[in-house]
Amino acid sequence: MSKREIHNVTIECVQGDIADQPDLDAVANAANAQLRMGGGVAGAIHRKAGPALEEECRPLAPIRPGEAVITGGHNLPNRHVIHCLGPVYGRDNPSDELLADCYRNALLLAEKNHLFSVGFPAISTGAFGFPLEPAARIAVNTVAHEAPKLLSVKLVRFILFSRDDLAVFDRILGKTGQ
Ligand code: AR6
């Protein structure tokens, strides 16, 4: 686990489950365009939130790569879920920019809703095939770049499923802003 303070925003990386972060105002979902249950992160979030989350999502879908929408958290321990559609690597181009858009748009929604803390999984790095190292660099750099503009959001946590993924995020966060 690592932690950095960048322009008064704490950015940290932990190993864990995105659906088990009770101290965060919102968690981001690595969603599909239809905002349905799915596997991976979307499966974990919808399973815990319950069927009312899919119902709330229905009128908001479909969303485009890079886009984000916000809903309630339902049975999750978080007030909100911010659903991000990451790019499918090699199909949705330019994938680097679309992935950065996800993090930027999610933070914008968190600001609009006056949230203090947001958790992100490694969007697009599972079923959507984005290689972890460049995806982690985009994730960390985008949040660090937005940090000076954030008035409400003061804690951003990256929640990585595996120890190997955490090690990559830790290394990149350690070099950020140096
Ligand atoms: N908590 C934290 N990270 C997780 C969890 C979890 N519970 N489960 C998986 N990961 P993915 P994507 C990691 O596939 O690539 C879905 O089916 C996982 O190891 O969830 O954006 C949707 O319905 C990987 O590193 O998201 C979409 O169709 C990362 O989270 C599609 O997959 C993202 O993996 C989205 O694909």
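**Reading the aromatic pairs and the sheet**

Modeller: Tyr103 and Phe120 are both buried, that is, under 20% relative accessible area with a 1.4 Å probe and protein chains only. This is a predicted model in which local features need pLDDT of at least 70 and side-chain atom pairs count only at pLDDT 80 or more, while totals for chains, interfaces and linings use all residues. Residues are numbered from 1 along each chain as its sequence is written, and side-chain values use heavy atoms, without hydrogens and water.

Colleague: How many aromatic pairs does a search of the whole structure find?

Modeller: Rings of Phe, Tyr and Trp (its six-membered ring) pair if their centres lie within 6.5 Å; planes under 30 degrees apart are stacked, over 60 edge-to-face, and the rest tilted. The search finds five such pairs.

Colleague: Why is the pair of Tyr103 and Phe120 tilted?

Modeller: The pair is tilted because its planes stand at 55 degrees, with the ring centres 4.9 Å apart. Tyr103 belongs to helix 3 (residues 95-112) and Phe120 to strand 6 (residues 117-120), so the pair links distant parts of the chain, 17 residues apart. Helices (H or I, at least four residues) and strands (E, at least two) are DSSP runs numbered from the N terminus. Ring pairs join Tyr103, Phe120, Phe158 and Phe169 in a cluster.

Colleague: What order do the strands of the open sheet have?

Modeller: Strands pair if DSSP finds at least two bridges between them. The seven strands follow the order 1-2-7-6-3-5-4, with mixed pairing. Strand 1 (2-6) and strand 4 (68-72) are the edge strands, each pairing on one side only.

Colleague: Which residue is the bridge partner of Val69 in strand 5?

Modeller: The partner is His83. Strand 4 and strand 5 (residues 80-84) pair in the antiparallel sense over five bridges.

Methods:
Buried < 20%, exposed > 50% of the residue type's maximum accessible area, 1.4 Å probe, protein only.
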